[in-house]
Every structure is written in structure tokens, then in C-alpha cells.
Amino acid sequence: MRSDNGHENYMRDLMLYCRFLHESRGGKSIWETDHHDLRAYKRARLGTDGPDAISASTGRRSIAALDKWVQWSLHEGLLTQEPFRYIDKTVMTPQGPKRVRVNAEYEVDDEEEPLHIVQFVDDLLWRNVGLRGELPDGRPDPTWRGRNAERNALFADSLVYTGMRLGEGAKSVGHRGAAAERPPRPRRRPSVGGGDQAAQGTNGLRERAHAAGLASLPRHRTRCRGRSGPRPVREGATTSCRYVERAAMP
């Protein structure tokens, strides 16, 4: 199994089964389990309507996790025989009917859980409208405000055509997608006069104000607008205020 989420789910399933054996089956360990314990576990998880009830797909995954554990234990010599009962079953494959060996408790009644399938035509509609910003008839949507439409559409197609999960597809892209999504950093304005002293502090503000024509106003009364309102500045002084009001002298 290549998915990190699959590994975590399998470990959680094994942990829950060990807890069930300890709390409900007389303190057994997993090395002492048998098919009676697995049947009781299946009945407790699938045969109840409480908050601990699980879906049919989760029940199949739990049994699959236990089967993986059995195969590993037999390979490592930790078990001498299979603790669960297995049966032969005929399943349909692309090559036709095939006999496979499955866990006897894998027979899960999932009539109330139908399989939901998205048709390929619906997937194309979702891709074009939701990711590419097109109208259902193929014309560009004038209200579309998305970014990197083609990149997102190609990523969705790669998941559909390869069968990769979302996390696996994101890892295959790596950090290139994040770098492409990051907007470019704005360039800093060069400071007038140069040097760190001109770019910081009062001296820098005075230099910029002087370059903008907001300072050294001869023969004008200058008012500087502060937080508390306009305040007078002595006549002919050099000011570094952002907003300057001029009033002709009488």
C-alpha cells in the first residue's frame, strides 16, 4: 500500500481490534485470536445502530487489515497457522470469472449502501465548468475569477486517468505547483538619495517629501494634517508630512 492515509487506517483498525479483544473477549491478545473473535467483532461493529456503528466499506477495510497482518505474521514466523477461516469465492475480473480466496467474514451485506459512480460525461462537465471557467455550452464564463485553470484541469485529469488518490497526486506534483501559485513579490521603490539613512527614519521621509515637491515651500504658510487635525508648521520649514495644505500668505 503506497498511501499514507491507508497505512494510518490499517494501524487504527488493528488497534481497535486489539482493544476489542482486551475489553470484550476476556483480555485476549491478538496472537490468541480466532475466527470466533473476528465474527463477534464484526457483529459488534456492523450489527449496531449506535455511534460506534461503521459502514460496510469500513468493515471490509478492517478485515483486509487483519488479513494483511495474518500474511505478515505467517511470513515472519510469528504464527504457525491462519487464525481465521478462509473460503474460495468466484469473482468477476476483466479477464472473466476467477476463483479467489477470501476471509469468510468478508461477506458484508451492503444492500443499503449502493455504489455511487460519476459518469465520465459528468466529470468532464465538472472539470470544464468548475476548473476551467467555462459555461456548460463551452463558451468562456465572463464571471470566472479563477487562476491557473489549465493546470488545475490537467491535475484533475491525471487523477482520473491514473487512479491516483488526491494525496498521491499532490506528492507527484511536488512544490512546483505551490511555486507557480505564489504571486510575484512587488519590487521595492528605490529610495531618493540612496543609502539606508535615506530609506529609514525622519531623514528618509524628508528626502522623499522634498523629491515630491512637498517641502521647502517659500512664502507660503504650510499646515501639516496630523491625527488630531491640521497643525501649523513654522514658515519656510522643511516638512515630511504626507498631506500638506498650502495657504497663500496675506
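Biologist: Is tryptophan 31 buried, partly exposed or exposed?
Modeller: Tryptophan 31 is partly exposed, because its relative accessible area is 44%. Buried means under 20%, exposed means over 50%, and partly exposed is in between, with a 1.4 Å probe and protein chains only. Keep in mind that this is a predicted model: local features need pLDDT of at least 70, side-chain atom pairs count only at pLDDT 80 or more, and totals for chains, interfaces and linings use all residues. Residues are numbered from 1 along each chain as its sequence is written, and side-chain values use heavy atoms, leaving out hydrogens and water.

Biologist: Where does tryptophan 31 lie?
Modeller: In the loop between α1 (4-24) and α2. Helices here are DSSP runs (H or I, at least four residues), numbered from the N terminus.

Biologist: OK, new topic. Which residues does the salt bridge network join?
Modeller: Let me start with one pair. Lysine 28 and aspartate 37 meet through their side chains in a salt bridge, 2.9 Å from N to O. The rule for a salt bridge is a side-chain nitrogen of Lys or Arg within 4 Å of a carboxyl oxygen of Asp or Glu. Lysine 28 is partly exposed at 25%, while aspartate 37 is buried at 1%.

Biologist: And the network?
Modeller: First, another pair: glutamate 150 and arginine 132 form a salt bridge, with their closest N and O atoms 3.6 Å apart. Glutamate 150 is in helix α5 and arginine 132 in the loop between α4 and α5, so this pair ties together parts 18 residues apart in sequence. Glutamate 150 is partly exposed at 46%, and so is arginine 132, at 24%. As for the network, salt bridges that share partners join Arg25, Lys28, Asp34 and Asp37 into one.

Biologist: How many salt bridges does the count come to?
Modeller: The count is 10. Another one of them pairs aspartate 157 with arginine 127, at 2.9 Å between the closest N and O atoms. That pair links distant parts of the chain, 30 residues apart: aspartate 157 is in helix α5 (residues 149-162) and arginine 127 in helix α4 (residues 120-131).

Biologist: Are those two buried or exposed?
Modeller: Aspartate 157 counts as buried at 11%, and arginine 127 counts as buried at 10%.

Key:
Helices (H or I, at least four residues) and strands (E, at least two) are DSSP runs, numbered from the N terminus.
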